[in-house]
Amino acid sequence: MNPLLQMRGITKTFGGIKVLDNVDLDVRAGEVHAVMGENGAGKSTLMKILTGVYPKDGGTIELGGQPVEIDSRKQAAKLGIGMIYQELSLIPTLTVAQNVMLSDEVTTAGVLSIGAMRKRVAELVRTYGFRLGADALVETLSIAQRQTVEILKTLNRDCSLIIMDEPTASLSNRESKVLFEIIQTLKAQGIGILYISHRLDEVFELADRLTVLRDGVKVATVERGAMAPADIVKMMLGKELKAVGTARHLHPPSSPVTVEVDHLSRKGLFEEVSFQAYRGEILGIGGLVGSGRTEVLRCIFGIDTPDSGQIRFEGRQLTGGTRRRIMQGFGLIPEDRRNQGLVPLLSIERNVAVTNYDSASRAGIVDRRRERRLGSEAVERLDIRPARPSQIVSNLSGGNAQKVVLGKWLLRDLKVLLVDEPTSGIDVGAKEEIYTRMRELADNGVTIIMVSSDVAELLRVSDRILVFHRGRIHWEYSDGAVSEESVLLAASGLTPEEGRPGR
Amino acid sequence: MNLDSIKKWGTRLQMPLILLLVILILAIFQPGIFLTFGNFRSILLAISIYGLMVCGAIYPILLGGIDLAVGATAAMAGAATVLFIVNSGGSDSSVLVGVMAGLATGVAAGVVHGLIVSSFNVPPFLITLASMNIIYGIAQLLTGNKLIPILKPKSFTAIGGGSLFGVPSSIYILLVVATLSYLLLNHTTFGRYVYAVGGNPVAAKMSGINTRGVTLLAYAISGLTAAMAGIVLASMNQQAFARAAQGYETNVLAALVTGGASLMGGVGSLQGGMFGALLIGLIDNGLRLMGVPSQYNGMVKAIVVIAAVAFSAYTHHRDSGLARTRRWQPIRQTENRTARKEPL
Amino acid sequence: MRQDTVRRLVSLALLAVLVAIFGFTTDSFFTPANILTLLRECGVIGIVAVGVTMVIITAGIDLSTGALLGFVAMLSANLLYYGKLPGLVVIPIALVVGALGGYLNGTLVTRLRLPDFIATLSTQFLFRALALILAIRTSTGMISNKTINDRTIQLLGGSVNGVYLVTIAFLVIAVAGQFLLKLTKLGVYTYAVGANLPSAELSGINSARVRRMAYTLTGLLCGVAALFTMGRVGSVTPDLGTGLELNVIAAVIVGGTAFTGGRGDVVGTVIGTVFMMVLTNGIYKYNLPTAAQMIILGSVIIVMVVFDSLYNGFMHRRAVQREKFAAEAVVAS
């Protein structure tokens, strides 16, 4: 019996880097096939090839035994490959029925057969046991319900293969359970599901088979129950390379508390978050994307207001907004540096100066000399390339752009630096530089709270580690050994061997 | 002399070169009329009005917004000032108070615009377009739809009608205001913040900038300079009337756009705006000298604006890393935070 | 209750209140003659407003409608007067020219990537200049407004059983427009493109084509309106149609079509058009100066745009809240 989908030897190169190297993957009808791997492993690229967004450089794809060439999104849809996008592709001001039938409408002589379409959608809804009204406006639906509409879209097109990319990232436990039930129904219909996820707990519950990718290569495909979570994690990380960072001894800090977060909650984002950060330490915050870490940082920096709870700095409760925080010595390196951290058409000098006019101006008049010095100091201290303060920031590489963002805060009397994904999209050399700077800052007494999804990075840089899971602090490492596998397990809500539960 | 400054000077010289070219063309084709003192004088007189407006209207544009009500604000301010002076006897002190009152109306209009634009997700062009109607209406109510002549006192008529060393006083005013605006934009923290907010409002907010305050002030300044222009115009014409400065917003927009300002915000300079104003003045003058009937002016300006905006959209679409469509849409940062895609 | 239903009720309420105010404070409001006149006034604005509704639903804007109307009218007058063409020939030409003008707008916005307000503001100058250039002049060069003597055109200004033709045309076009929006693919795509362009494109919709369609249709309707205006007024001056665009936009916004796109329909626009006309009519009855009219027009637009922004923002936040509550804590085990 031919598998539903058979990918053989898939290769893809981007600008000289082999992003996918001879990857084989097959999906049987009616199975849930999970794909796991760290960031950069190639999962996303593989899916983009399947849905016609990118052409493959090498290899073959067969659907139901027939070789196919997928050269466009439309083509992929025609072949029966459906994709549930993370960003969701729905039109909020239209109804469920209209969205499901979008660009697939039924017409008689140019006129929409509204009744017929509504009936079809209602039928689909009933067949799969969803709880949705065909006339409900999508903008009134929750994310989970919208996802169901997306699934309906694929069902309407009689998709035989559905790809789901991190579908539970924004869902509650309850909603995830509902999704799993839906997946069972889909399986029963013979639909094959490619399930991309970081969440070990889910994958173990759902998947019939699991394929692990690492650095563009397929490591293994295992059947259900053949391996324990810890082993899977080892496969994702790869034993040889990561041996260096697997066990790191963390020491409890012996300096005073600077930032104290007390029962912080924001409905739907995070709940009862409490922790302390000390002077001169780098506190790493791990967890999967969507676990609430960035939102906590934003509250600490004064961008958002929590629903309840307190944030204290040097013993006193924090009030006011971002500007106040900055004056008190806070800084934030946001996770999307290009869209949130920098003004692209301005120079390095101007970007660095934007948070420093309290020292580079007098009575509103800019002190050009001091401003220029800020720019040249940042370029020098952080070794920004090209070393021209007048360089426009939009043309800088990821690593150098990040250094500019760091420069905004470095030149101040910094007390607390909040960092969100410090090295995403940055090459190895620049990564090291940034780690060094962070260490320097910490050694000089700055409290650094660092959110990172890169486990190796967390272990490399942090003095202590908190792991978030679904909006709460699930696990904590403050002394003793910790391994990467352990952190990954904790991020998925499982119970590792080292460390201890969060408060 | 490094790569960046060469690039910068390259873009800086673009405008002056275009101007030089236009001047040369006009000088060659109509040397007799164009190259006269009188002609230059009339060009400068026209420019001095919308040039003043440009000095302030550049701020909302830099923020990615726009102030289409400048013409109306000018008319209202001119009417307010003239009425005050005429109704309080026409003494020199009444001129001073009258001018202050006129400027105040402009600032007030600007503040209202700034408040609305910064408090709600509304498109600035529409708000100021509608406001233009309101303000012209106010001007009409003020003047009772009549022309209000003002032939004295000298202290008022000198504003627009006087001259020093053969150069009209309005030019001096323009130079002073342009210089002040240049200094404000390039040498103060406010100016820096304008570019930051216009270039990336999210990053600006995350850097602790009070984007609301910056917006308010920007529109207030635009209202102020529009009022100045209106007062100078009333003085120049020696009368105030409700439909004064009609169509000037077109010239202002064209001047700013050809001077290199981007409608998306974050790009533009005062010098560019001034050059743009000069260019528009030359175009108007040139068309007239060549005997092109005035009806064609609108068409030429439309084409100029379209060309300039298309060109700037093309160049900035390439350079900037941000996708800009509708700026007044709420920046849905926290609310729609679904999980982002992991790279690769 | 659904958001669009509430918004519709708001429009109706506004209209009802206005009618009540003017109806009971001025005499001869509820007379058939007055109502028919009112409905006639609705005609020109309403016809154009149907097209502009579509444009605004795609999250665009058209500021050139008045100028395009003036240009088409002037061009037609030239064809009638100088070209001596019969009305039956001029009518289709007018429609085509109008559509071309709209297509120009669409092209500037979709192919040259100009922001819509700049593109249509520029074409406004362009069309207005063209109208001026084509103005019929006397031998001394003064602009004259020769009366239009063509019977066909004059017929357009007439009425049937007391109901003006332009009103009938408005109703027919409104019905057609609503039909287009709600019962055709193009209509659904119009909403999709306006509500969420990236999603629409992901679903395979050609957003550029949809937007061009909306602008072209608006241009065509400007041509229709121009013909009716000529029929009604009897002569053409170069400033014909000045200020139309704001009235049209006001009508569309009052009727519930929001600037952010993806919402609203022609029924709302009809309500909005009637609202604007009752307002104008009332101002006239109150003998208020034209200044008052300008102030009120501008204020209506600002108030409605702000209201829509607040209301839609509020509804959006409520939906998000509901979502968060329904999520029962992304947290909890």
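First, the ground rules. The model is predicted, so local features need pLDDT of at least 70 and side-chain atom pairs count only at pLDDT 80 or more, while totals for chains, interfaces and linings use all residues. Residues are numbered from 1 along each chain as its sequence is written, and chains are lettered from A, ligands numbered from 1, in the order in which they are written.

Let's start with chain A. Chain A splits into domain 1 (5–242) and domain 2 (245–501). Those bounds come from an automatic or database domain assignment. The domain centres, taken over C-alpha atoms, are 34 Å apart. What touches what? In domain 1 of chain A, 13 residues are in contact with 15 residues of domain 2. Contact means C-beta atoms, placed from the backbone, within 7 Å. On the domain 1 side, α7 (200–206) and α8 (229–237) of chain A each give two or more residues. The most come from α8(A), with 5 residues. By type, that side has 6 nonpolar, 3 polar and 4 charged residues. Here Ala, Val, Leu, Ile, Met, Phe, Trp, Tyr, Cys and Pro count as nonpolar, Asp, Glu, Lys and Arg as charged, and the others, Gly among them, as polar. Helices are DSSP runs of H or I, at least four residues, and strands are runs of E, at least two, numbered from the N terminus.

Now the sheets of chain A. One is an open sheet of 4 strands, antiparallel, in the order β2-β1-β4-β5. Strands pair if DSSP finds at least two bridges between them. The edges are β2 (17–27) and β5 (66–67), each with a single partner strand, so one side of each has no neighbour in the sheet. Inside, β1 (residues 5–14) and β4 (residues 58–63) run antiparallel, joined by 5 bridges. Arg8(A) has Thr60(A) in β4(A) as its bridge partner.

The other open sheet has 7 strands. The order is β18-β21-β22-β15-β23-β24-β25 (chain A), with mixed pairing. At its edges stand β18 (330–333) and β25 (500–501), each with a single partner, so one side of each is left without a neighbour in the sheet. β24 (residues 472–477) pairs antiparallel with β25(A) over 2 bridges. There, Trp475(A) stands opposite Pro501(A). Helix α17 (residues 428–443) packs on the sheet, touching β15 (282–287), β21 (416–420) and β22 (447–451). The direction of α17(A) makes about 145° with that of β22(A). Axes are lines fitted to C-alpha atoms, for helices over the stretch in contact; angles run from 0 to 180 degrees between N-to-C directions.

On to chain B. Chain B has 14 helices and 4 strands. Of its 344 residues, 54% are buried. Buried means 20 or more other C-beta atoms, placed from the backbone, within 10 Å of a residue's own; 12 or fewer is exposed, and in between is partly exposed. Of the contacts in chain B with a separation of 6 or more, 78% join residues 24 or more positions apart.

Which residues touch the most other members of the largest nonpolar core? Ala74(B) and Ile301(C), out of 371 residues. Such a core is a set of buried Ala, Val, Leu, Ile, Met, Phe, Trp, Tyr and Cys residues joined through C-beta atoms within 7 Å. Its largest share, 16 residues, comes from helix α11 (residues 211–237) of chain B.

Last, the interface. Chain C puts 28 residues in contact with 32 residues of chain A.

Technical notes. Contact = placed C-beta atoms within 7 Å.
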